[in-house]
There are 2 protein chains.
Amino acid sequence: MQRESVSGSARKIDHLGIAVFDLAQAERLYTEVLGLPVVHREMVEAEKVKTSFIPLGEVEIELLEPTDPESPVGRFLTTRGEGLHHVAIEVEDLPKALERARRGGFRVVDEVPRRGARGTMVAFLHPKSTNGVLIELVQRCPEEVQR
Amino acid sequence: MQRESVSGSARKIDHLGIAVFDLAQAERLYTEVLGLPVVHREMVEAEKVKTSFIPLGEVEIELLEPTDPESPVGRFLTTRGEGLHHVAIEVEDLPKALERARRGGFRVVDEVPRRGARGTMVAFLHPKSTNGVLIELVQRCPEEVQR
């Protein structure tokens, strides 16, 4: 059984993106039952979603409510209903992880890393090759790491 | 905006349970691409699943392969296909969290906490009332907390 991690390996789950119809209703589980604070709400125009951010240990829960049914999250809701939309995993070396994914025959959504939120670089792996879970690989930029 | 957490609140995500058809195939994402070790494999007779455990930061990924299509995970795979099966969240005070869920009108699968794996107490919330995400509330028993 493999026990040692390899170079450039994953550090932690950065966030879970959960697609919901109504942010205020969805926040109730986290605030009323789990006793957690909503620390930030934001409209992300580029993705056509409203988001609520809820830290839970080292992971952030991101609730995603589409503002347009034709947006990616809007279409997800129409076809699949509410539920987990993606798992974002922080990696040390995104180009290396992406190269390993490609070599391993995984279906890559982004051929090269692109800019994500808050100064990160990101690339997605298609859920068809990752057991039904859309995976977002995230690398923090150096300034962010040094904080 | 609420910024302070309340008493007995959630500590962290304990694990993500992911339903897959084939453990060995599913492990490849975590070992080959993300460079993580599989630290444990186990057959859980009571749930009729084979499991692989992969720590990722403070969260554990649990891959679940049913050994019987009529088991809960087997039926999930038949109707939904591969994907996230449940999110387990560690709480400080499970009876209190469960009581808050009930009072808040959430659909509770376990009316009272029951024994889970590795000396924990657990209770599930139904995905119909938690935005399509099956939630397992987990409380570690005192011996475990003191470790």
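Buried area is the accessible area, taken with a 1.4 Å probe, that two parts lose on being put together, summed over both. For chain A and chain B of this predicted model, that area is about 4300 Å², and carbon and sulfur atoms give 62% of it.

A word on conventions. Residues are numbered from 1 along each chain as its sequence is written, and chains are lettered from A and ligands numbered from 1 in the order in which they are written. Because the model is predicted, local features need pLDDT of at least 70 and side-chain atom pairs count only at pLDDT 80 or more, while totals for chains, interfaces and linings use all residues; side-chain values use heavy atoms, with hydrogens and water left out.

Let me start with how the chains are arranged. Two copies of a chain are related by a rotation about an axis and a shift along it.

Now the interface. Contact means heavy atoms within 4.5 Å, and it takes 53 residues from chain A and 54 residues from chain B. Of the interface residues of chain A, 100% are also interface residues in chain B, so the copies meet through the same surface.

What holds for charged pairs across it? The count between chain A and chain B is 0 salt bridges, a salt bridge being a side-chain nitrogen of Lys or Arg within 4 Å of a carboxyl oxygen of Asp or Glu.

On the chain A side, the elements giving two or more residues include β1 (10–19), α1 (23–33) and β5 (83–91). The largest share, 7 residues, comes from α1(A). Helices (H or I, at least four residues) and strands (E, at least two) are DSSP runs, numbered from the N terminus.

Over all chains, the whole structure has 28 salt bridges.

In the first, R28(B) and E32(B) meet at 3.1 Å, N to O. They are 4 residues apart in helix α1 (residues 23–33) of chain B, so about one helical turn separates them. R28(B), at 25% relative accessibility, is partly exposed, and so is E32(B) at 38%. For these words, buried means under 20% relative accessible area, exposed over 50%, and partly exposed in between (1.4 Å probe, protein chains only).

Next, E99(B) pairs with R103(B), with the closest N and O atoms 3.9 Å apart. Both lie in helix α3 (residues 94–103) of chain B, 4 residues apart. E99(B) is partly exposed at 32%, whereas R103(B) is exposed at 62%.

Then there is E111(B) with R102(B), at 3.1 Å, N to O; R102(B) is partly exposed at 33%. In chain A, salt bridges that share partners join R11(A), D14(A), E90(A) and R140(A) into one network.

Last, is E90(B) buried or exposed? E90(B), in strand β5 (residues 83–91) of chain B, is buried, with a relative accessible area of 6%.
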